[in-house]
Every structure is written in structure tokens, then in C-alpha cells.
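Here is a short briefing to read alongside the model. Take a look at the sequence and the 3D view, then work through the points below.

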Amino acid sequence: MLAVKGTYQDGKVTLQEVILTVKPVAVIVTFLEEVSAPSEKKLNLEKFSFRKSQKLLEDYHGSLSDAVVEERRSAL
């Protein structure tokens, strides 16, 4: 077993050393500091405007419901 220090940022691990291997090697990443996840983004109702939404969608000729369902499915 080999231990190598590195940092994690924006979904990527950067190692402090270059490790050369012949084949892919399984690793375990241990976070040495407390990690707090950002809060989920929520709709700010104070900034919501029904008229602005209508204006943005005036040229949209598809089904908004179908578009939302497809977007959520692709996010899984």
C-alpha cells in the first residue's frame, strides 16, 4: 500500500506526486478535514416574476412539462 498526499477541488483529486502504474489501480480517498456540502439551490420567490417567465417562454413551442421531465431524467 502507498500513501500520497493531494487535494480535492471541484470534483478532481490532484496528487502531490506522480505515480506511474502499469494498469489501473483502485484507490481510497480519505478527507482529512471536515467537509461541508453547499446548501441546495432554491428558488428565491422574491426574485420570481410570472411576467418575466412568460416573456422568456413566448417563443417556446414545445411542452415545458416534457422539457422539465427530460432535464431531470438526464441529471440522474
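**A ring pair and an open chain**

Phe31 has a relative accessible area of 46%, so Phe31 counts as partly exposed (buried is under 20% relative accessible area, exposed is over 50%, and partly exposed is in between, with a 1.4 Å probe and protein chains only). Keep in mind that this is a predicted model, where local features need pLDDT of at least 70, side-chain atom pairs count only at pLDDT 80 or more, and totals for chains, interfaces and linings use all residues. Residues are numbered from 1 along each chain as its sequence is written, and side-chain values use heavy atoms, leaving out hydrogens and water.

**The aromatic pair**

- How many aromatic pairs are there? The count is one, using the rule that rings of Phe, Tyr and Trp (its six-membered ring) pair if their centres lie within 6.5 Å, with planes under 30 degrees apart called stacked, over 60 edge-to-face and the rest tilted.
- The partners are Tyr8 and Phe31, arranged edge-to-face with 5.4 Å centre to centre and 85° between the planes.
- This pair links distant parts of the chain: Tyr8 sits in strand β1 (residues 6–9), while Phe31 is in the loop between β2 (12–15) and α1 (50–57), 23 residues apart.
- Tyr8 is partly exposed, at 46% relative accessibility.

**The overall layout**

- The protein chain has two helices and two strands (DSSP runs numbered from the N terminus: helices are H or I with at least four residues, strands are E with at least two).
- Follow the protein chain along its sequence and you get the pattern β-β-α-α.
- The protein chain is more spread out than a compact globule, because its radius of gyration is 22 Å, well over the 11 Å that the globule rule gives for 76 residues (the radius is taken over C-alpha atoms, and the rule is 2.2 Å times the number of residues to the power 0.38).
- Along its principal axes, the C-alpha trace spans about 60 × 30 × 15 Å.

**Surface and charge**

- What share of the 76 residues counts as buried? The figure is 0%.
- The protein chain exposes about 8,700 Å², with carbon and sulfur atoms supplying 55% of that area (Shrake-Rupley method, 1.4 Å probe).
- The 11 positive and 11 negative charges have mean positions 2 Å apart (Lys and Arg are positive, Asp and Glu negative, with His and the chain ends not counted; each charge is placed at NZ of Lys, CZ of Arg, CG of Asp or CD of Glu).

**Helix α2**

- Helix α2 (residues 64–75) has 12 residues and reaches 17 Å from its first C-alpha to its last, close to the expected 16 Å (1.5 Å times one less than its number of residues).

**Residues to find in the view**

- Asp10 lies in the loop between β1 and β2, and has a positive phi of about 55° although it is not a glycine. Asp10 is exposed, at 72% relative accessible area.
- Leu32, in the loop between β2 and α1, is exposed at 80% relative accessibility.
- Ala3 comes in the segment before β1, and its C-alpha is separated from that of Glu58 by 57 Å.
- Leu15 belongs to strand β2, and its C-alpha is separated from that of Val4 by 6.8 Å, although they are 11 residues apart along the chain.
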